[in-house]
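Please look over the sequence and the structure below before reading on.

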Amino acid sequence: MSKIHQNMSDVDIQLPHSVVFNEVDYEPGGSFGPRVQQDVQLVILDRGSLCVTTDGREQVVEPGRVVCQWPGGTELYRFDDQRVSTHRWVALSFDDSPRTLRWIAQQRKATPAIGVETPAMRKLFDTGIALNEPADPAQHAARLHLAVAYLQAFSISGNTSRVSAHTAQRAALPPALLAIQRTIQTRYAEPLSLDDLASAAAQSTNHLVRLCRKHLDTTPMRMLWDCRVDHGVELLRSTGLHVGEIAYRVGFANPFHFSRRCKEKYGVSPRKLRQDAWGP
């Protein structure tokens, strides 16, 4: 197993000269290639199905998974015959200096061919695609570092021998539940309803509730309220905002509802949570 660096000063990082963060839908039966890969590219499947053939080796990619492609390989992508498939990608273009080629070879040895996209990796992607002004030098530099961070996070997550129970469970969840988890994490402060969550998951409300109970032993709205409470508690511990302001910021209609949910989940009031975090 490759060494996992704990100190970033020990990691030899090469920056690409350009990167791309993007996403696309393929209609049923879509395909792409064959083509010779020019970059280091990480392809993430969000829905549908994908079969990637690289130099004659076939790999099936499921939703929530990432496949890593390297320069020089001949690739053919075939998407789901029955459903729309959505995939994202991070492409890193490097120079061909001897030092860079050695670095890429080292990364290839340390990086799995296929793995799970962790929540941290998804945040890196979302930040990278949001910085959409490549002519801005600051945004360009940030995107370069974000793309390398995504590659490094993928390599580390694939080589960690002990995968957390949360990550393993998340990888096995149906795409509909992954969709509402993403929706809740990004829109928890909005006035979301069960119908809104069902729409984001492309499911009926009844079926979505059944999926949540079966796989997560909870309900969609309980997931939303728990997320709001967790974000509220983080603000209690790390800011000086009043409890009422925090309640409104994280999506509660009033501080009394926030307080009740805090007591249900943490056993104490918001004020006691803050007092315990800040000390005497």
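This is a predicted model: local features need pLDDT of at least 70, side-chain atom pairs count only at pLDDT 80 or more; totals for chains, interfaces and linings use all residues.

Residues are numbered from 1 along each chain as its sequence is written, and side-chain values use heavy atoms, with hydrogens and water left out.

Arg143 lies in helix α3, residues 137-159 (helices are DSSP runs of H or I with at least four residues, numbered from the N terminus). Arg143 is buried, with a relative accessible area of 10%, where buried means under 20% relative accessible area with a 1.4 Å probe and protein chains only. Apart from neighbours within four places in sequence, Arg143 is in contact (heavy atoms within 4.5 Å) with Val19, Val20, Phe21, Gly128, Ile129 and Leu131.

Helix α8 (residues 220-238) packs against helix α11 (residues 270-278) at an angle of about 45°, their axes being 8 Å apart; the axes are lines fitted to C-alpha atoms over the stretch in contact, and angles run from 0 to 180 degrees between N-to-C directions. The contact is made by Val233, Leu235, Leu236 and Arg237 of α8, together with Pro270, Leu273, Arg274, Ala277 and Trp278 of α11.

Helix α10 (residues 255-266) has 12 residues, which should span 16 Å at 1.5 Å a residue, and its end C-alpha atoms are 16 Å apart, in agreement; the expected span is 1.5 Å times one less than the number of residues. The buried residues of α10 are His257, Phe258, Ser259, Arg261 and Cys262, and they pack against α8, α9 (243-249) and α11.

Definitions and conventions. Helices (H or I, at least four residues) and strands (E, at least two) are DSSP runs, numbered from the N terminus. Buried means under 20% relative accessible area, exposed over 50%, partly exposed in between (1.4 Å probe, protein chains only).
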